[in-house]
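This briefing goes through one protein chain, topic by topic. Please have the sequence and the model open while reading.

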Amino acid sequence: MSAIIKNKMIEFIKTKNILKTKDLQNEFNLTISTLRRYLIQLENEGLIERLFGEIIYKNEQNKIIDEIANENILLDVNAKKSIAKTASKFVHKNTPIFLDSGSTCFYLLDYLNRDNLIYTNSIFNASEAIKKGFKNVHILGGKIKDRTQAIVNLDYDFLSKMYFSISFLGVNGIDEKERLTTPEESEGATKKLICEHSDLIIVLCEQKKFYKKALYDFTPTNKKIVVVTNAVSMPEFAKNYTYVLKKEGN
């Protein structure tokens with residue numbers, strides 16, 4: 001493969017951020033089989049991600065936001081545990097819940113009753129729940145994302161028949177318009193569908209994620225949303241959700 005074409009292709013993808021395979025094929029006048037070889041190499045190098053016929057440039061911001069799962073769990077542990085402990089108070093015994101793949105959701109398992117019925121899209125969280133003695137753990141099927149060990153590209157027909165009393169969701173950014181965002185399109189689509197089939201949505205958000213925006217907006221409409229955070233003051237933009245803040249001195 002030509003290094004010149006490869007570098008030009010990287011620059012072209014970078015300027016577009018998201019584009020279709022056909023766009024590249026037309027721009028570089030390549031056969032689909034030749035283009036596929038270039039894309040496989042770029043994906044193996046971690047420069048792009050291919051989803052549903054689209055090519056997404058993985059810029060540094062998204063690489064940082066979407067950290068490897070087992071490393072991310074060890075970051076900001078005290079903040080995550082504080083958020084998880086507060087969020088757990090919304091759950092009653094035997095309540096069926098959905099537990100997202102985020103690392104803050106992981107720490108919820110320390111505070112939930114072992115009789116709670118848990119559904120999750122996270123291999124990490126399912127394994128940890130079993131280790132901690134939860135009696136009824138279900139993992140949703142689909143493709144495993146190697147970076148976060150989350151299940152993506154779920155069986156949406158199956159998922160559409162599910163209803164959760166409470167869904168705990170991680171978020172990578174809440175911007176000034178209170179949009180809930182994540183860097184991964186397939187994860188975002190999953191979160192959006194989970195929201196549609198939940199009575200109550202509890203978003204776990206570290207203070208540093210306010211005023212940030214990732215690629216995919218999964219904000220639900222006409223749903224009760226509670227944001228639990230370790231912030232000690234209300235975000236200036238807050239108006240659409242209920243915010244549960246960290247108490248001064250705690």
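Where is the place of K209? K209 sits in the loop between β12 (198-205) and β13 (216-217). The model is a predicted one: local features need pLDDT of at least 70, side-chain atom pairs count only at pLDDT 80 or more, and totals for chains, interfaces and linings use all residues. Residues are numbered from 1 along each chain as its sequence is written, and side-chain values use heavy atoms, with hydrogens and water left out.

**Chain overview**

- The chain has ten helices and 15 strands; helices (H or I, at least four residues) and strands (E, at least two) are DSSP runs, numbered from the N terminus.
- Of the 250 residues in the chain, 49% are buried; buried means under 20% relative accessible area, exposed over 50%, and partly exposed in between, with a 1.4 Å probe and protein chains only.
- Among the contacts in the chain with a separation of 6 or more, 59% are between residues 24 or more positions apart; a contact means heavy atoms within 4.5 Å.
- The accessible surface of the chain is about 12,600 Å², and 49% of that surface belongs to carbon and sulfur atoms; the areas come from the Shrake-Rupley method with a 1.4 Å probe, and for residues only the protein chains shown count as cover.

- K209 is buried, at 18% relative accessible area.
- Apart from neighbours within four places in sequence, K209 is in contact with V171, N172, G173 and I174.

**Helix α3**

- Helix α3 covers residues 32-44, and its 13 residues reach 18 Å from the first C-alpha to the last, close to the 18 Å expected at 1.5 Å a residue; the expected span is 1.5 Å times one less than the number of residues.
- L35, Y38, L39 and L42 are the buried residues of α3.
- Viewed down the axis of α3, these buried residues fall within an arc of 100°, so they line one face of the helix; the arc is that of the directions from the helix axis to the C-beta atoms.
- As background, an α-helix has 3.6 residues a turn, so residues three or four places apart point the same way.

**Helix α8**

- In helix α8 (residues 123-131), the buried residues are N125, A126, E128 and A129.
- Seen down the axis of α8, its buried residues fall within an arc of 165°, so they too line one face of their helix.
- The exposed residues I130 and K131 are carried on the face of α8 turned away from its buried side.
- The cover over the buried residues of α8 includes β4 (97-99), α7 (103-108), β5 (117-120) and β6 (136-139).
- At the N-terminal end, α8 is capped by S122, with a side-chain oxygen 3.3 Å from the backbone nitrogen of F124; a polar contact is a pair of N or O atoms within 3.5 Å, where within protein one must be able to donate a hydrogen and the other to accept it, and residues adjacent in sequence count only if both atoms are side-chain atoms.

**Helix α10**

- The twelve residues of helix α10 (residues 185-196) should span 16 Å at 1.5 Å a residue, and the end C-alpha atoms are 17 Å apart, which agrees.
- Helix α10 is mostly covered, with nine of its twelve residues buried.
- Among the buried residues of α10 are K191, I194 and C195.

**L169 and its surroundings**

- L169 belongs to strand β9 (residues 164-170) and is buried, with a relative accessible area of 0%.
- Not counting residues up to four places away in sequence, L169 touches residues including K191, I194 and C195.
- The residues that L169 touches also include F98, C105 and L204.
- L169 and L204 are 35 residues apart along the chain, and their C-alpha atoms are separated by 6.2 Å.

**Cysteines**

- The structure holds zero disulfides; a disulfide is a pair of cysteine sulfur atoms within 2.5 Å.
- C105 is buried, with a relative accessible area of 1%, and C205 is buried at 0% relative accessibility.

- N94, in the loop between α6 (77-88) and β4, has a phi near 70°, a positive value in a residue other than glycine.
- N222 lies in the loop between β13 and β14 (225-229), and its phi is near 55°, also positive in a residue other than glycine.
- N222 is exposed, with a relative accessible area of 81%.
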